[in-house]
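The stops below follow one another as a series of selections.

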Amino acid sequence: MKHRHLYLPTFLPVAFPDAMETFLEDMAKKGWFLKKVGYFLPFCQFEKGTPAPVRYRLEPIPDTVRTPSQEMVQFYEEFGWKYLTPFSHFFFIFMAENPHTPEIHCDPLVQAKGYKRMCRNFSMFGLAALVLLTIFLGIPLYHPGFLLDCPRFSAFALVTLLSFAVLILWSVLRLWKIYRNLSQGNPLSHHKGYLNILSLQTIALALFVLFLLPFRDKLMEWDEKDQITQALTSVEKPLPYVPLAEMGISPDWVQTPYDPITIGSENSDSNYVRSTTNMLAPATFQISQTAYHTDPNMPAIATSMTSFYGELTNSFLAKIVGMDLVNLYANAPGMPSDNSKKENLHMPGFSESYFKNTLGQKQILLLRQGNRVLVVHYSGEASLKDHAEDFAELFTKTYTPLQKGGESYDIYSAIDTLRPL
């Protein structure tokens, strides 16, 4: 008679040896007997047989060996325990066909020594998980725009990292609890429910798989599709910006149409508004303006202004987003590190208002009123500080994000279309 085999994933963590023992014993009662556990691949191999009340015990590995010594195997067999397979690199699994076979250990203090190494190793895993989670949670403090630009992906990544951190820390605390109880002379329990543990492990694994698969790119693609871009002159409703024409630039400069243009061998865009909305930022706008000189002998790029306006969920987020954008503009590629000092404007009604002249004609203006923030990056002949009141006037109006269904324009597709072959 041929024996049938069954392969099941070993989702149960090594920090719950009693749950693993209960699971294997329940499988034996159904006629499935453990034969092997993958050392690198997390799968258990079962063999079909006659249901029996078989007992299993997970014995901590005393060092980093992968198989027990012959002396250890013979010693355990004398007491009715047969060696089966290693479980990860922390346990050896033994089986007793007689349900009345005496326990392997009668002294909890001796058994505690085997768990001490596991506690130390898992504590390192727990520390690493906390470091990774802390780094991710620290991203908004250094680059808050990441949360605004990729809200789905950042939330998904946070849930994934948090789930794994909870599982690892849960295992660490569980192992130390076992070690502490054994050190106090309390015997180890060999019965524990495993379905709840299995469910939590399955959810965490599913999140991890989704995080690694192209689904991650799909999330970021969905975030990008939330951005609606239109020609600046085609939007009739109020927008949070001051036109370049009102900045007092020379009449020799003309504002370019809303089209991708080629400067040298690279493409550039001008005069558009991009609108996004998400749970952290109900209304955000990025407005780009560029003007060129009519004299063909002058440099191609003459004056430009990029404005970011955001209404965020709270004033703290608005503060760090504004700080992030100011640092981003002040340390743009090709520019030296920002050593300039900000000049506070002390404008009434604003939580923050300051000006920076980063390099020559490159200027930055920040205005924040509670959870509303405006950051302007300007390069040209005019002075943002002289027009601070014009920008402050923008806070007296209400702005709503652009809606899909209008005449939108995909800048990047247009660039690809016009790019020389």
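**A tour of charged pairs and surface patches**

Begin by selecting Glu-103, which is partly exposed at a relative accessible area of 35%; here buried means under 20% relative accessible area, exposed over 50% and partly exposed in between, with a 1.4 Å probe and protein chains only. The model is a predicted one, in which local features need pLDDT of at least 70 and side-chain atom pairs count only at pLDDT 80 or more, while totals for chains, interfaces and linings use all residues. Residues are numbered from 1 along each chain as its sequence is written, and side-chain values use heavy atoms, with hydrogens and water left out.

The side chains of Glu-103 and Arg-57 form a salt bridge (2.8 Å, N to O), a term for a side-chain nitrogen of Lys or Arg within 4 Å of a carboxyl oxygen of Asp or Glu. This pair links distant parts of the chain, 46 residues apart: Glu-103 lies in the loop between strand E6 (91–96) and H3, and Arg-57 in strand E4 (residues 55–60). Helices (H or I, at least four residues) and strands (E, at least two) are DSSP runs, numbered from the N terminus. Arg-57 is buried, at 6% relative accessibility.

Move on to Glu-343 and Lys-385, whose side chains meet in a salt bridge (3.2 Å, N to O). Glu-343 is in strand E14 (residues 343–344), whereas Lys-385 is in the loop between strand E17 (372–379) and H9, 42 residues apart. Both are partly exposed, Glu-343 with a relative accessible area of 35% and Lys-385 at 32%.

Then select Glu-47 and Lys-35, which are joined by a salt bridge of 3.4 Å, N to O. Glu-47 belongs to strand E3 (residues 43–48) and Lys-35 to strand E2 (residues 32–37), 12 residues apart. In total, the structure holds 10 salt bridges.

For the last stop, select Met-124, Phe-125, Leu-127, Val-131, Leu-132 and Ile-135, which make a nonpolar surface patch of about 600 Å². Patches consist of residues with over 30% relative accessible area and no salt bridge, with like charges joined within 9 Å and nonpolar side chains (Val, Leu, Ile, Met, Phe, Trp, Tyr) within 5 Å. Met-124 is in helix H3 (residues 108–142) and is exposed, with a relative accessible area of 55%.

Terms used: Accessible areas come from the Shrake-Rupley method with a 1.4 Å probe; for residues, only the protein chains shown count as cover.
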